[in-house]
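Here's a quick tour for anyone meeting this structure for the first time. Have the viewer open and follow along, one topic at a time.

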Amino acid sequence: MLNDVTFGQYYPTRSFVHNMDPRAKIVFMIAYIVAIFVADNFLALAAVTLFLIVAVLFSRVPFGRVLRSVKMILFLILFTAVLNLFFYSSGGEEHMIWQWKFLSLSWESVVNMIFLALRLFLLVMGTSVLTLTTTPVALTDGIESLLTPLKWIRVPVHELALIMSIALRFIPTLMDETNRIVAAQKARGADFESGGLIKRAKAVVPILIPLLVSAFRRAEDLGDAMDARCYSGAKGRTKYKKLVFTWRDLLGLLLLGALIAGVVLFNIYFGGKFGIIDYFMQ
Amino acid sequence: MEAVRFENVKFLYREDGDYAVNGVTLTVGEGEFVAVLGRNGSCKSTLAKLINALLVPSEGKVTVFGMDTSDEKKTFEIRKNAGMVFQNPDNQTVASIVEDDIAFGPENIGVPREEIGRRIDFALDAVGMQAFRHMTPSRLSGGQKQRIAIAGVLAVLPKIMILDESTAMLDPKGRREVMDVIKKLNKERGMTVILITHFMEEALEADRAVVMHRGEVVMDASPEEIFSRAEELEAYNLTLPRAAYISKKLAEGGMPVKGAFNAEALAEEICASLQKA
C-alpha cells in the first residue's frame, strides 16, 4: 500500500531532460506553474499541456509512470472539483442549470470545475516530471545553488539543502520500516481495516510511535556516521557534482519563453475561460 | 609504528554511572588486523568510538598516530586517519546515489573535484562495486550496502579502518563479502583493521584477538591461542568457533584430534586420526 508513492522517485533514462541543469529545471518548473495559473482560457491551457507532453517525450519516462503520480491526489482533485461545482457562484443567471438554497449549478461552474481540475492535473504532472528526471541530490544541489544569495543574510543554505537531501534519502528506508511495523502489529492482532474514522485514526498510533522512536535512533546513528566521515559543516567543503549550464538548458529556456508568450497571447486574444460557453450556446 | 594506543582509559556515560570502559591499556600496530570480541554489553563499541573521538575518555588517554583524541584541534585529522563503518547499513548513507554517498567524505575534507572522481573509482574498485556506481543504495542487499559504506570510508584514504559490528546485521553471504573486502584491504594495502564483532569465526581471520569483559581487556593474544583457552572464554560468555567446538568435543570423547579452528583443519585432523586408528 505504501509502495506506490512516485514522489521523489527518480526514473533513470539518461535522456535530454535528465541531463539538464537542475537549476534550469527548477526555474522552468516555477515558470511552468506560473504559466498554469496565468492561463485564463482553454487554448492557453492546451499550450501548457503541449509543453508538458513535449517535456515528457524528451524525458523518455513512460506516460503511465507520470500519470501514476496523479493517482495519489486524484481524490483531492475530485473533491475540490465537486466542491467547486456546487459552490461556485458566477453571478450570471442566464446559464443556470439548477439551484437549491445556497447550492447552484450553472454552466459557468461546470467550466470552472473542469478548468480547475485541469490546472491541478497539469500542476502535479509537471512537478512529477521534475522529480522523475532529477535525482533528489541534483535537486537539492540546484536549490542550494539558486538560494546561494541568501547566504549573505546568514541563511544556512548548505545545512538546509543537506537536511532536505537526507530527508529524501530516508523516505524509502522509513517506508520499509513502516511496512514492517504494520506487519508486526497485525501479527499481534492489531486491526487497521475496520471501525469508524476515529477508531482507525487511533489504530495508527501504535505504528507512529515505534516509527518515531526508530527514526530518532537512526538519526543518532547517522549523526555519528557523518561525524566519523569528517563532516563539519559547509566550511572548507568541496562539491563533487558541479552544475553546468549547457545548450540543452538554453534550448529549454527558449521553449519556455515560447510557452509564456503563447499563454499571454492566447489570454489576450481569446478572452477568459467562459468564452467557451457562448461559443457553444450560439 | 603504533597506530592506536590506549593508556589506562576509563570512560563514563553518566557522572553517577559505572565505568563503561574501565582502565583499558592497549596498542595496535600499523598494518595489524585486530578483532575485538565480547558479549553484548561488554562495551566493545564504546572502545571503537573512543578511537576516532566520537567519544573522549573520562580518564586516561587515547592516541591515534600520536595525536591525542581529547585535543579538539586534532579531531578532524584523527577522523581522516581512522575511518569507521557502523552496524546498520541503512543508517550511514547520506545520499540517494552510490557515487554521491562515497563523495561525501572527500567533500567534507575539501578534496578537489577531479580527485574525488578518482577516489570514487578507487574505492568502488577496492570493494568490487564498480557496476553499482549510479544505483540507489536502498535497492542493494545488506552486504552490498555495507561494502558501499566501506567504500565511503575508503574514499577519505584512512590508514585505520574500524568496523563496529559491521557484519552483525548481514546474512552469511553478505558477511562473507564484507570479510573478504576487509581481509584484502589489510593484506594488499596494509590497512590497519580493528574489527569489533561477536562472531568468533571472524576473529579467526585476524592476526590478534582482544576479549573485552565488563569494560576491561581480559584476553589479548593470537586467535588460535585464545580459542585454545575454552574454559576462560566460557567464563566471559563467549563460545568457540564451531570447528573448534567440535574438535574439542571429539578430543574429550577420546578421538586424538589436536585443536582445529576451521573446517579444513578439522577435516584434516579427523582424517589423520582415522588413518592412525
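Which residue of strand 10 of chain B does A209(B) stand opposite? The residue in question is A221(B). Keep in mind that what you're looking at is a predicted model. Below, we start with the helices of chain A and then work through the two sheets of chain B.

**Chain A: the overall picture**

- Chain A has 9 helices and 2 strands.
- Take the contacts between residues at least 6 apart in sequence: 81% of them join residues at least 24 apart.

**Chain A: a pair of packed helices**

- To describe two packed helices, you give the angle between their axes and the distance between those axes.
- For helix 3 (residues 63-87) and helix 4 (residues 107-133) of chain A, that's an angle of about 155° with the axes 9 Å apart.
- Because of that angle, helix 3 of chain A is roughly antiparallel to helix 4 of chain A; the cut-off for that label is over 145 degrees.
- The crossing of helix 3 of chain A with helix 4 of chain A is right-handed.
- Sort the residues of this helix 3 and helix 4 contact in chain A by type, and you get 16 nonpolar, 6 polar and 1 charged.

**Chain B: the sheet of 6 strands**

- Chain B has an open sheet of 6 strands in the order 6-7-8-3-9-10, and its pairing is mixed.
- Strand 6 (82-85) and strand 10 (216-221) of chain B are at the edges with a single partner strand each, so each has one side without a neighbour in the sheet.
- From one strand to the next, the twist averages 20°.
- Strand 9 (residues 208-213) and strand 10 of chain B run antiparallel and are joined by 5 bridges.
- Helix 5 (residues 142-154) of chain B packs on this sheet and touches strand 6 and strand 7 (160-164), with its direction at about 165° to that of strand 6 of chain B.
- Helix 6 (residues 172-189) of chain B packs on the sheet too, touching strand 3 (33-37), strand 7 and strand 8 (192-197), and its direction makes about 150° with that of strand 8 of chain B.

**Chain B: a look at strand 7**

- Strand 7 of chain B is mostly covered, with 5 of its 5 residues buried.
- In a regular strand, side chains alternate between the two faces of the sheet.
- Here both faces are covered: I160(B), I162(B) and D164(B) are buried on one side, and M161(B) and L163(B) are buried on the other.
- Strand 6 and strand 7 of chain B run parallel, joined by 4 bridges, and I162(B) is the bridge partner of M84(B).
- Strand 7 and strand 8 of chain B also run parallel, with 5 bridges, and I160(B) stands opposite T192(B).

**Chain B: the sheet of 4 strands**

- Another open sheet in chain B has 4 strands in the order 2-1-4-5, with antiparallel pairing.
- Strand 2 (19-29) and strand 5 (67-68) of chain B are its edge strands, each pairing on one side only.
- Strand 1 (residues 2-12) pairs with strand 2 of chain B over 8 bridges, and F6(B) has L26(B) as its bridge partner.
- Helix 1 (residues 44-51) of chain B packs on this sheet, touching strand 1, strand 2 and strand 4 (59-64), with its direction at about 60° to that of strand 2 of chain B.

Notes:
Residues are numbered from 1 along each chain as its sequence is written. Chains are lettered from A and ligands numbered from 1 in the order in which they are written. This is a predicted model: local features need pLDDT of at least 70, side-chain atom pairs count only at pLDDT 80 or more; totals for chains, interfaces and linings use all residues. Two residues are in contact if their C-beta atoms, placed from the backbone, lie within 7 Å. Axes are lines fitted to C-alpha atoms, for helices over the stretch in contact, and angles run from 0 to 180 degrees between N-to-C directions. Angles under 35 degrees count as roughly parallel, over 145 as roughly antiparallel, 65 to 115 as roughly perpendicular and the rest as oblique. A crossing is left-handed if the near helix is turned anticlockwise from the far one by less than a right angle, and right-handed if clockwise. Ala, Val, Leu, Ile, Met, Phe, Trp, Tyr, Cys and Pro count as nonpolar, Asp, Glu, Lys and Arg as charged, and the others, Gly among them, as polar. Two strands pair if DSSP finds at least two bridges between them. A residue is buried if 20 or more other C-beta atoms lie within 10 Å of its own, exposed if 12 or fewer, and partly exposed in between; C-beta atoms are placed from the backbone.
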